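This report describes the fold and some local surroundings in one protein model. Please read it alongside the sequence and the coordinates.

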Amino acid sequence: QVRLVESGGGLVQAGGTLRLSCAASGRAFAMGWFRQAPGKEREFVAASVLGKSYYADSVKGRVTISRDIAKNIMYLQMDSLKPEDTADYYCGAKRGTFSYGPSDYREYDDWGQGTQVTVSS
């Protein structure tokens, strides 16, 4: 099992920036960021798989995913934030290879507790 701890969420005005962090206790084949707004399904944001990055269309160009392999920390740099980015953000770890792809939250084996992001208009 990979233990994950997110941090970095908060309240920010529209157009602002936040950097989320996800500290992992073990190694994962891939890691991803997802978000979930109240009453909605968990939604893919970004993933890092063997050095390659994947992004949801809704955030492409505004967010950057990165991993510090030595520290075993994953980051999500979020710029030009919009009110619709408001959600709880979760990091997930995939220990094996994907069957359907990194954007499907059901593929991930381990999850953190989440960090809340609120963007005010």
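## Overall fold

The model is predicted. The protein contains eleven strands and zero helices, so that, from the N terminus on, its elements read β-β-β-β-β-β-β-β-β-β-β. For 121 residues the globule rule gives 14 Å, and the radius of gyration is close to this at 13 Å; the protein is therefore as compact as a globular protein of that length.

The C-alpha trace spans about 40 × 30 × 25 Å along its principal axes. Buried residues make up 46% of the 121 residues.

Four strands form an open sheet in the order 1-3-8-7, and their pairing is antiparallel. Strand 1 (4–7) and strand 7 (63–68) are the edge strands, each of them pairing on one side only. On average, neighbouring strands in this sheet are turned by 15 degrees against each other, with direction ignored.

Strand 1 pairs with strand 3 (residues 18–24) in the antiparallel sense, over four bridges. Leu-4 has Ala-24 of strand 3 as its bridge partner. In a regular strand, side chains alternate between the two faces of the sheet. Strand 1 has a covered face with Leu-4 and Glu-6, while Val-5 and Ser-7 are on the uncovered face.

In soluble globular proteins, nonpolar side chains tend to be buried together. The largest nonpolar core here has 33 residues, of which Leu-4, Trp-33, Leu-76, Met-78 and Tyr-89 touch the most other members. Two or more residues each come from strand 3, strand 4 (30–36), strand 5 (43–49), strand 7, strand 8 (73–78), strand 9 and strand 11 (115–120). Strand 5 gives the largest share, five residues.

Met-78 illustrates the contacts of one core member. Beyond its neighbours within four places in sequence, Met-78 is in contact with Gly-16, Thr-17, Leu-18, Leu-20, Arg-62, Val-63, Tyr-89 and Val-117. Of these partners, Tyr-89 is also listed among the core residues that touch the most other members.

## Lys-94

Lys-94 belongs to strand 9, which covers residues 87–94. Is Lys-94 buried or exposed? Its relative accessible area is 9%, under the 20% limit, so Lys-94 counts as buried.

What does the side chain of Lys-94 reach? The side chain comes to 3.0 Å from the backbone oxygen of Glu-107. With residues up to four places away in sequence not counted, Lys-94 touches Ala-28, Phe-29 and Ala-30, and also Glu-107, Tyr-108 and Asp-109.

## Gly-96

Gly-96 sits in the loop between strand 9 and strand 10 (110–111). The relative accessibility of Gly-96 is 29%, which lies between the limits of 20% and 50%, so Gly-96 counts as partly exposed.

Leaving aside neighbours within four places in sequence, Gly-96 is in contact with Phe-29 and Asp-109. Both Phe-29 and Asp-109 are also touched by Lys-94. Gly-96 and Asp-109 are 13 residues apart in sequence, and their C-alpha atoms are 8.8 Å apart in space.

Methods
Residues are numbered from 1 along each chain as its sequence is written. This is a predicted model: local features need pLDDT of at least 70, side-chain atom pairs count only at pLDDT 80 or more; totals for chains, interfaces and linings use all residues. Side-chain values use heavy atoms; hydrogens and water are left out. Buried means under 20% relative accessible area, exposed over 50%, partly exposed in between (1.4 Å probe, protein chains only). A polar contact is a pair of N or O atoms within 3.5 Å; within protein, one must be able to donate a hydrogen and the other to accept it, and residues adjacent in sequence count only if both atoms are side-chain atoms. Contact means heavy atoms within 4.5 Å. Two strands pair if DSSP finds at least two bridges between them. Axes are lines fitted to C-alpha atoms, for helices over the stretch in contact, and angles run from 0 to 180 degrees between N-to-C directions. A nonpolar core is a set of buried Ala, Val, Leu, Ile, Met, Phe, Trp, Tyr and Cys residues joined through side-chain atoms within 4.5 Å. The radius of gyration is taken over C-alpha atoms; the globule rule is 2.2 Å times the number of residues to the power 0.38.
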